[in-house]
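User: I would like to go through some side chains in this model, one question at a time. Please show the sequence and structure to begin.

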Amino acid sequence: MPKSIDVKVSNYLPFNFIIVGYGFIVGGLIAVSNKPEASPFFLIIGLLMVTTHYRIKIDLGQKEFREYVWFFGFKYGNSFKFSSPEYIYFNEARIGFEYGEFAFRRFGSEKQFKAFIKFNAQDERAYIGSSRRFESILSKSKSIASQLNIPIKEMS
């Protein structure tokens, strides 16, 4: 069994902002020849937008997990103690959204599956990811469950 597990949970920024971040990177590369003084600004902002994400690190040796934001190698977050990981479980949620112009605004919702690790004798749970496709989050959860040697509970 591994001593610690470090997993990417999700991106920090929404997908649209990540696309803009790639635009900044391309703009920075183009600016190298035209405006070299502006290039580092565009590259740094673009890389920050593209690479910043949420992570969780489970340290079995010290019996603690840490949920944090990763950006440029820096980690900002909180640590929580636990006695042992018990199981992985899922929640099904409906995520609401709206689209369209003011007079033609439409509302909708879509199903999203969220995965958590439950620890023994503790209310704190660790969020390990979400997806609109159950198979996708199940695959990620199976990988983590096998590393921690814990079961996956069926959805109710």
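User: Is Phe-134 buried, partly exposed or exposed?
Analyst: This is a predicted model, and the relative accessibility computed for Phe-134 is 24%. Buried requires under 20% and exposed requires over 50%. The value for Phe-134 lies in between, so the residue counts as partly exposed.

User: Is Phe-90 buried or exposed?
Analyst: The relative accessible area of Phe-90 is 8%. The limit for buried is under 20%. Phe-90 is therefore buried.

User: The rings of Phe-90 and Phe-134 form what kind of pair?
Analyst: Their centres are 5.1 Å apart, and a pair needs centres within 6.5 Å. Phe-90 belongs to strand E5 and Phe-134 to helix H3, with 44 residues separating them in the chain. The ring planes meet at 70°, and planes over 60 degrees apart belong to one named class. The pair is therefore edge-to-face.

User: Which ring does the charged end of Lys-153 sit over?
Analyst: A charge over a ring must be within 6 Å of the ring centre. The charged end of Lys-153 is 4.4 Å from the centre of the ring in question. That ring belongs to Tyr-87.

User: Which residues touch the most other members of the largest nonpolar core?
Analyst: In soluble globular proteins, nonpolar side chains tend to be buried together. The largest nonpolar core here has 21 residues. The members that touch the most others are Ile-56, Ile-58, Ile-117 and Leu-148.

Definitions and conventions
Residues are numbered from 1 along each chain as its sequence is written. This is a predicted model: local features need pLDDT of at least 70, side-chain atom pairs count only at pLDDT 80 or more; totals for chains, interfaces and linings use all residues. Side-chain values use heavy atoms; hydrogens and water are left out. Rings of Phe, Tyr and Trp (its six-membered ring) pair if their centres lie within 6.5 Å; planes under 30 degrees apart count as stacked, over 60 as edge-to-face and the rest as tilted. Helices (H or I, at least four residues) and strands (E, at least two) are DSSP runs, numbered from the N terminus. Buried means under 20% relative accessible area, exposed over 50%, partly exposed in between (1.4 Å probe, protein chains only). A charge sits over a ring if NZ of Lys or CZ of Arg is within 6 Å of the ring centre and within 35 degrees of the ring normal. A nonpolar core is a set of buried Ala, Val, Leu, Ile, Met, Phe, Trp, Tyr and Cys residues joined through side-chain atoms within 4.5 Å.
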